[in-house]
Amino acid sequence: LRSAGPEGSSLKIVGSIRFPVKVYVKLNQNSPRILCITNRLRNSELIDPVSQWHGPSGNILSENSSVKISPTGTLILRHFTADQSGVYTCSLIYKLTAEEPAKKLIMKYLIYAYSDPNYYYEFTVQYHAAPCNSIYNISFEKTLLQLLTKLVAELSCEVTLIKSECHHVKMQRAGLQNEIFFTFSVASLDQGKSNTPCQQSTCGTSERLSKVQILIENFFKHQAEITRKSSDPLPEIYYIEGTLQMVWIDRCYPGYGMNPVSHPDCPDCCVVCSPGSYNPSDRTHCRPCNNSFIYGATKC
């Protein structure tokens, strides 16, 4: 029940008179074909059918640049935006035989905008360091960030240092040593610092970040090999083999959140926050809020 095609989708969604049907439309894409008919009537011959669509504000929908309605009452919403989300209602008047009186059905659709999560990687790594107040540590930190930035630049990603902490670590048989604990993130540039979802139909964020993971793993493997194979005394600052750890983190844009319970058909989507909820930051959940009356609220 979700669509992601720029030209609309071959997916067709039928209504129900028992419950509202949930439909998920990718931001800036076209909706699936939303039929003004129930599954039971879909293969029946209908005499003099007349359908009418109403939008979330109760207005009668008519054709325009963002709404397409076929002669048979099929609705396609084009270039879908967050503020188009809401309850859409279709009424169908029809006869099954020419003699019987006309019947009327009301079908409701809950249509939500969604985007893919804005993924990023968080890395932690440890280095043997110079004394904790040494200027060499600061200089090394800058050099390491420059190398990593250069490494991921071709994949349109950026490295951000989250924290850098120097600690005294007591080693078995080796006494006290100085170690720097680095934590840095790698995010896609087309989504990283922007608070709006990527406008392109295929941003390929997850594919690029998967390549970034391999590049960074190889970078630190290579550092460990150099240290291991070198016959020279160890430098003052060097990578401690085996300390690289990576975590894949999902985040949603402000006004969007993940909720597999409310949206089981789109569990990995960042779905626009419904009225009564909001997301002010790039976390993954819409929070409750009695004062939010719109879809996609970013404040309470």
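Predicted model: local features only at pLDDT ≥ 70, side-chain atom pairs only at ≥ 80, totals over all residues.

Me: Which domains is the chain divided into, and how many Å separate their centres?
Reply: The chain splits into domain 1, covering 12-115, and domain 2, made of 118-188 + 204-251. Taking the centres over C-alpha atoms, the separation between domain 1 and domain 2 is 53 Å.

Me: How many salt bridges does a search of the whole structure find?
Reply: One of them pairs aspartate 116 with lysine 26. Another pairs arginine 228 with glutamate 241. For the whole structure, the search comes up with two.

Me: How far apart in sequence are the parts that aspartate 116 and lysine 26 tie together?
Reply: In this salt bridge the closest N and O atoms are 2.7 Å apart. Aspartate 116 sits in the loop between strand E9 (103-115) and strand E10 (120-128), while lysine 26 belongs to strand E3 (residues 21-26), so the pair ties together parts whose distance in sequence is 90 residues.

Me: Is lysine 26 buried or exposed?
Reply: Buried means under 20% relative accessible area. Lysine 26 has a relative accessible area of 16%, so lysine 26 is buried.

Me: What about the other pair: where is glutamate 241?
Reply: Arginine 228 and glutamate 241 form a salt bridge with their closest N and O atoms 2.8 Å apart. The pair links distant parts of the chain, 13 residues apart: arginine 228 is in helix H2 (residues 205-229), and glutamate 241 is in the loop between strand E13 (238-239) and strand E14 (245-249).

Me: Is arginine 228 buried or exposed?
Reply: The cut-off for exposed is over 50% relative accessible area. Glutamate 241, at 47%, therefore counts as partly exposed. Arginine 228 comes in at 51%, so arginine 228 is exposed.

Me: Which residues is threonine 183 in contact with, leaving aside its neighbours within four places in sequence?
Reply: Threonine 183 is part of strand E12 (residues 175-188). Its relative accessibility is 9%, so threonine 183 counts as buried. With those neighbours left aside, its contacts are Glu122, Phe123, Thr124, Thr160, Leu161, Ile162 and Lys163.

Me: What separation do the C-alpha atoms of tyrosine 114 and glycine 257 have?
Reply: Tyrosine 114 is in strand E9 and is buried, with a relative accessible area of 3%. Along the chain, tyrosine 114 and glycine 257 are 143 residues apart, but their C-alpha atoms are separated by 8.9 Å.

Definitions and conventions: Residues numbered from 1 in each chain as written. Heavy atoms only, no water. Domains from an automatic or database assignment. Helix = DSSP H or I, 4+ residues; strand = E, 2+ residues; numbered from the N terminus. Buried < 20%, exposed > 50% of the residue type's maximum accessible area, 1.4 Å probe, protein only. Contact = heavy atoms within 4.5 Å. Salt bridge = Lys/Arg side-chain N within 4 Å of Asp/Glu carboxyl O.
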